[in-house]
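Look at the sequence and the model, then read on.

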Amino acid sequence: MNSKIWLSSPHMGGKEQEFVNEAFEQNWIAPLGPNVNNFETEIAAYLGEDVHVAALSSGTAALHLALIILGVSQGDEVLCQSMTFSASANPIIYQGATPVFVDSESETWNICPIHLENAIKDRIAKGKKPKAIVAVHLYGMPYKAEAIKEISQKYDIPVVEDSAEAFGSTYKGQKCGTFGDIAILSFNGNKIITTSGGGALVTKNKQYRDKAIFLSTQARDAAPHYQHSEIGYNYRMSNVCAGIGRGQLQVLNQRVTQRRAMHNFYKEIFENNKEVTVFSESDATRFSNHWLSAITLKKEGTKNLDKEMLRVAFEAANIECRPLWKPMHMQPVFADAPYYGSSVAEDLFDRGLCMPSGSNLTDIDRSRIAEVIKEQF
Ligand SMILES: *Cc1c(COP(=O)(O)O)cnc(C)c1O
């Protein structure tokens with residue numbers, strides 16, 4: 001059996017272990033220390049726009065703190081892109097709030113400004129103004145940042161920018177992770193760079209950043225004893241993990257180039273294939289890190305081939321492919337949540353597959369992938 005080709009697996013750059021060793025030598029084996037502080041400074045320098053960064057235990061933790069900081073609590077409503085990974089929506093439930101899901105538009109596959117505004121108007125008419133908007137850069141593709149911001153300002157509802165999949169992407173030259181009132185990054189093992197597990201909260205608002213640090217370290221008031229006037233969390237990043245992150249950050253741009261090369265590989269393979277579309281930037285204002293390369297099969301007339309057959313064919317060759325994120329409004333756990341939109345996300349889910357996209361794939365891996373595609377079409 002050939003070795004497994006993964007969708008997206010960790011890819012070390014070389015310097016990670018040195019930073020981890022430093023943590024051991026200095027005995028900073030704790031959720032604080034020089035690697036944590038330096039990792040934050042280095043992320044902020046990479047993103048620009050004068051952002052402040054809090055390194056946390058996961059992207060999900062960052063989303064949870066973002067909602068708390070924006071005042072989301074019991075009984076509130078939060079607008080959320082339906083087509084996404086469940087971690088974008090789960091923290092809304094942690095807060096006892098209700099997610100209100102919104103469909104995607106077909107250009108970027110992200111939250112549709114038209115349906116978003118309709119949802120806001122309808123929720124207000126029904127008596128409750130939503131507390132926040134969770135917008136996601138799916139697979140690294142920047143969402144319609146200007147249109148979303150305009151709506152956010154018009155109705156005075158802050159944006160939580162879920163940039164978990166888009167570290168290294170830009171829109172009009174501005175880095176993803178700098179558009180929302182609060183943004184989040186993820187460094188989970190499958191993301192473009194990893195700390196094994198980890199995340200960050202990013203914001204231009206220094207007070208929000210300070211609040212995130214306070215809440216992520218058990219909400220200790222200033223006193224010699226342990227004194228608390230708020231409920232805290234244990235969400236800070238480990239200094240060992242931050243060491244991995246510092247090494248990974250050094251190769252982020254290289255990883256973006258490599259992921260984009262995988263996207264080009266699929267563009268070339270499917271260039272003359274009328275049955276497959278490779279998910280790409282609609283114009284030069286968007287620069288996706290192409291964290292995952294995704295394809296969609298033609299709506300009808302694909303000769304006896306559906307996405308599941310294609311996935312199974314790859315699986316038989318020990319190659320991992322995965323359907324696109326199943327929209328949240330179709331998930332059993334969110335069956336009761338309101339939904340605004342038509343069937344753009346549902347249709348994408350019906351026809352779409354994520355292809356192996358790792359920056360560490362070899363020429364041999366690529367020819368094995370190409371071989372299966374050749375057989376299937
Ligand atoms: C990975 C991911 C998250 C969660 O990040 P973790 O670090 O795994 O908690 C949130 N949103 C999206 C869109 C993701 O892909």
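Is Thr194 buried or exposed? Thr194 is buried, because its relative accessible area is 3%, and buried means under 20%. Keep in mind that this is a predicted model.

**A loop threonine**

Thr194 belongs to the loop that runs between strand E8 (182–186) and strand E9 (199–203). One is the backbone oxygen of Asn188, reached at 3.1 Å. Another is the backbone nitrogen of Gly189, which lies 3.4 Å from a polar atom of the Thr194 side chain.

**The ligand and its shell**

| Residue | Protein atom | Distance to a ligand oxygen atom |
|---|---|---|
| Thr60 | polar side-chain atom | 2.5 Å |
| Gly59 | backbone N or O atom | 2.8 Å |
| Gly198 | polar backbone atom | 3.4 Å |

How much of the ligand does the protein bury? Taken alone, the ligand exposes 380 Å², and the protein buries 95% of that.

**A buried arginine**

Now turn to a helix. Arg123 lies in helix H5, which spans residues 113–125. Arg123 counts as buried because its relative accessibility is 12%, and the cut-off for buried is under 20%. Which side chain does Arg123 contact? The side chain of Arg123 makes a polar contact with the side chain of Glu77, at 2.8 Å.

**Positive phi angles**

Next come backbone angles. Most residues other than glycine have a negative phi. Trp109 has a positive phi, near 70°, and is not a glycine. Trp109 is placed in the loop between strand E3 (98–102) and H5. Trp109 is also buried, with a relative accessible area of 4%.

Asn318 is another residue other than glycine with a positive phi, here near 60°. What lies on either side of the loop that holds Asn318? Helix H10 (307–316) and strand E13 (322–323) do. At 17% relative accessibility, Asn318 counts as buried, because the limit is under 20%.

The last stop is Met83. Met83 is found in the loop between strand E2 (77–81) and helix H4 (90–94). Its relative accessible area is 0%, so Met83 is buried. How many residues separate Met83 and Ala345 in sequence? They are 262 residues apart in sequence, yet their C-alpha atoms are 5.9 Å apart in space.

**In brief**

Thr194, Arg123, Trp109, Asn318 and Met83 are buried residues. Trp109 and Asn318 also have positive phi values.

Definitions and conventions
Residues numbered from 1 in each chain as written. Predicted model: local features only at pLDDT ≥ 70, side-chain atom pairs only at ≥ 80, totals over all residues. Heavy atoms only, no water. Polar contact = N/O pair within 3.5 Å; in protein donor to acceptor, adjacent residues only side chain to side chain. Areas by Shrake-Rupley, 256 points an atom, 1.4 Å probe, with all protein chains shown as cover. Helix = DSSP H or I, 4+ residues; strand = E, 2+ residues; numbered from the N terminus. Buried < 20%, exposed > 50% of the residue type's maximum accessible area, 1.4 Å probe, protein only.
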